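Please read the following briefing alongside the sequence and the coordinates.

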Amino acid sequence: MSTYTQELQTTAKALVAKGKGILAMDESNGTCNKRFEKLGIATTEENRRNYRELILTAPNLNTYISGAILFDETIRQSSATGESFVSVMQRLGLIPGIKVDGGAKPFAGHPDELVTEGLDGLDDRVREYYNLGARFAKWRAVITIGANIPSAACIEANADALARYAAICQANGLVPIVEPEVLIDGNHTLDRCREVTAATLKEVFKQLTTQGVAFDQMILKPSMVITGLSATLPAPVHEVATTTIETLLQAVPPTVAGIAFLSGGQTNEQAAAHLNAMNVMFPQTPWPVTFSYARAIQQSALDKWRGDSANVAAAQKILAHRAACNSAASNGTYTVDLDRQLALV
Ligand code: 5MM
């Protein structure tokens, strides 16, 4: 039992408390700027700050959201009134989290595959983030499905890094969110996605075990088992839900504190409907099953805002609406009708 055991267990439970999920707003500057550019928003530090303030101060966000994952720039920023974002979050009851990976980079000797970097100096960075107020962290590994990929080497290298990151976080008081994302891109079948997701999760938990990571003090952020984005016949919602939960049940130890899915490029409605179906069809999973979405919560709000202060209130309403819909999905009470009704409130 380490100095942080109890704190880590409490934080992990709070992140996946009933009816709540995690908001991912940890886009690196490169990713955030790309999204801004598409909408003609100037890619300045002040605009990124304005946008993150819009998100964190959206009315009622804390009813649906337990914590938010920030980027390094954001955790050091403040609101327009000069209150640090960490303090804003603490006041609103939102747990501050931090992305600590250095991004997915080309994997040497393996064309079209990626490995996530960022272990050098991680111990010191994690300690600094804890002192800044962060209580959980996130590291994303990317697994690509294609002809003859993923390779066993890619899965193993990414799983090893995820496990080493998770151990460093737990040693320094941050709950690690372990995110092995199997990309939705491609025309793969549901069965191929199941096979790759199963192999990835199996290796991730093998490495987490080897590194001595405490499962009740971590959150798994997986992708759903889903047909590729360009496949001609997308699997129906109930098949995605069944295959995803069955795959997780085979690979994820029951003591893991919670599952919080990424949305991965699904539409708003798909991301909510799939999560909802899992909770309706499998109400007795060993872990809470919820969300840690970025695009499926943020994108419609960003589309509305477009960098114009006159649109802040309307954009915040849209953001809170998506958070409310996904909160309902985590309880198994989401319907398309509810989505429309909540949009009118
Ligand atoms: C997969 O991306 C994560 C979840 O977002 P979606 O729900 O949109 O799939 C997300 O947290 C991602 O890791 C961050 O946006 C950081 O991305 P970059 O590309 O900037 O590292």
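**Cavity, pocket and surrounding elements**

The count comes to 1 cavity of 30 Å³ or more, a cavity being a set of points on a 1 Å grid over the protein atoms alone where a 1.4 Å probe fits but cannot get out. This is a predicted model, in which local features need pLDDT of at least 70 and side-chain atom pairs count only at pLDDT 80 or more, while totals for chains, interfaces and linings use all residues. Residues are numbered from 1 along each chain as its sequence is written, and side-chain values use heavy atoms, with hydrogens and water left out.

**Cavity**
- The largest cavity has a volume of about 60 Å³, a volume being the space filled by probe spheres set on the grid points, which are joined across faces, edges and corners.
- Its lining (residues with an atom within 4 Å of a point) includes Glu181, Val182, Ser223, Met224, Leu262 and Gln266.
- By class, this lining of the largest cavity has 6 nonpolar, 4 polar and 1 charged residues, where Ala, Val, Leu, Ile, Met, Phe, Trp, Tyr, Cys and Pro count as nonpolar, Asp, Glu, Lys and Arg as charged, and the others, Gly among them, as polar.

**Pocket**
- The largest pocket (an open set with protein on both sides within 12 Å along at least five of seven lines) has a volume of about 880 Å³.
- It is lined by 32 residues, of which Glu27, Thr31, Arg35, Arg140 and Arg295 lie nearest its centre.
- The lining of the largest pocket divides into 8 nonpolar, 8 polar and 16 charged residues, and helix H2 gives the most to it, with 4 residues; helices (H or I, at least four residues) and strands (E, at least two) are DSSP runs, numbered from the N terminus.

**Strand E6**
- In E6, 7 of its 8 residues are buried, that is, under 20% relative accessible area with a 1.4 Å probe and protein chains only, whereas exposed means over 50% and partly exposed lies in between.
- E6 and E7 pair in the parallel sense over 8 bridges, pairing requiring that DSSP finds at least two bridges between two strands, and Arg140 has Glu179 in E7 as its bridge partner.
- Strand E3 (residues 95-99) is joined to E6 by 3 bridges and runs parallel to it, with Lys99 standing opposite Lys138 in E6.

**Helix H1**
- The buried residues of helix H1 (residues 5-15) are Thr5, Leu8, Thr11, Ala12 and Leu15.
- Seen down the axis of H1, these buried residues fall within an arc of 135° (taken from the directions from the helix axis to the C-beta atoms), so they line one face of the helix.
- The face of H1 turned away from its buried side carries the exposed residues Gln6, Thr10 and Lys13.
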